[in-house]
Amino acid sequence: MTETLKLTLDRREEVAVIYTEGYINNQGGEEIARVAYELMEQGQKNLLLHLGGTKIVNSIGISILIEIIEKIIKIDGRLGFCSLTPTIEKTFHIMGIAQYAGIYSDEPAALEGFAASS
Amino acid sequence: MVRGAPLQEVTLKLPMLPDMEIEASKAATSMAEAIEMSPDKVDEVRMAVVEACINAFEHSGAVHREVTLNVAVLGKSAAEKLCITVQDSGGGFEPDSVEEPSLERKLKAERKRGWGLKIIRGLMDEVEIRSSKSGTTVVMCKLR
């Protein structure tokens, strides 16, 4: 039985926040990408992935997040992450993700970061 | 990597099935918690085990669709480190020929994957990879 990732979406004025709950593996990554691409098609350029409900990710899931970064850069948008566990944050730094996406301690800090650079 | 007799150990045979890496990580985290490793270190061990198992599942090409996982507590009299061994019986690879991934290149490339070894090396204190045509063994240790 595969672990299922649950997603919740909150569309704010400038940023769409995607809340994750569960394991981000290949299926989880694809589900996040599906929602992200739908939002981008609807004109949303700023996405925040709130990983507070995710305690584990794997590199296949992160590779799909990299595809989202690639696509959002192409439309001059931004992807941010917030509420990461220390290990997920360390992993993102190992991979260099912090150079291409904002990494914030929590949601208010992330929203402030998006507002400051808009 | 020099390894003495373990103070405690567990060995599991894991079929290469979806999410079996999570079962492997549970065994490793239980042992890490038992030796009172800090929660952050436990989490790093868990992630590294997941990556090592996924590498074996995805790339080994093993006919026997099975991975052997060994989790051992090592130390002279008290627990000093936790070592996890992930072994497959696949075709092996040349660890030195694996290109170090960079996000700058991956963003332009069709294939975004290939991060497992970099993540394992970044999260664990000691990593050794032995590979031949009869299989690959990844030994990774975290100091307590």
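**Figure 1. Cysteines of the predicted model.** Cys82(A) is buried, at 0% relative accessibility (buried means under 20% relative accessible area, exposed over 50% and partly exposed in between, with a 1.4 Å probe and protein chains only). Cys53(B) is likewise buried, with a relative accessible area of 0%. Cys53(B) takes part in no disulfide, and the nearest cysteine sulfur, that of Cys141(B), lies 15 Å away. This is a predicted model in which local features need pLDDT of at least 70 and side-chain atom pairs count only at pLDDT 80 or more, whereas totals for chains, interfaces and linings use all residues. Residues are numbered from 1 along each chain as its sequence is written, chains are lettered from A and ligands numbered from 1 in the order in which they are written, and side-chain values use heavy atoms, with hydrogens and water left out.

**Figure 2. The disulfide of Cys83(B) and Cys141(B).** Over all chains, the structure holds one disulfide (a pair of cysteine sulfur atoms within 2.5 Å). The sulfur atoms of Cys83(B) and Cys141(B) are 2.0 Å apart, and the link is right-handed, with 110° about the S-S bond. The pair joins distant parts of the chain, Cys83(B) in strand β3 and Cys141(B) in strand β5 of chain B, 58 residues apart (strands are DSSP runs of E, at least two residues, and helices runs of H or I, at least four, numbered from the N terminus). Cys83(B) is buried at 2% relative accessibility, and Cys141(B) is buried at 0%.

**Figure 3. Packing of α1(B) against α2(B).** Helix α1 (residues 20-34) and helix α2 (residues 39-59) of chain B pack at an angle of about 150°, their axes 8 Å apart (axes are lines fitted to C-alpha atoms over the stretch in contact, and angles run from 0 to 180 degrees between N-to-C directions). The residues of α1(B) that meet α2(B) include Met20(B), Ile22(B) and Ala28(B), and those of α2(B) include Val45(B), Val49(B) and Phe57(B).

Figure 4. Leaving aside neighbours within four places in sequence, Thr136(B) is in contact (heavy atoms within 4.5 Å) with residues including Val86(B), Phe93(B) and Ile129(B).

**Figure 5. Ser89(B) in a loop of chain B.** Ser89(B) is found between β3 (81-88) and α3 (103-108) and is partly exposed, at 35% relative accessibility. The C-alpha atoms of Ser89(B) and Thr137(B) are 8.8 Å apart, although 48 residues separate the two in sequence.
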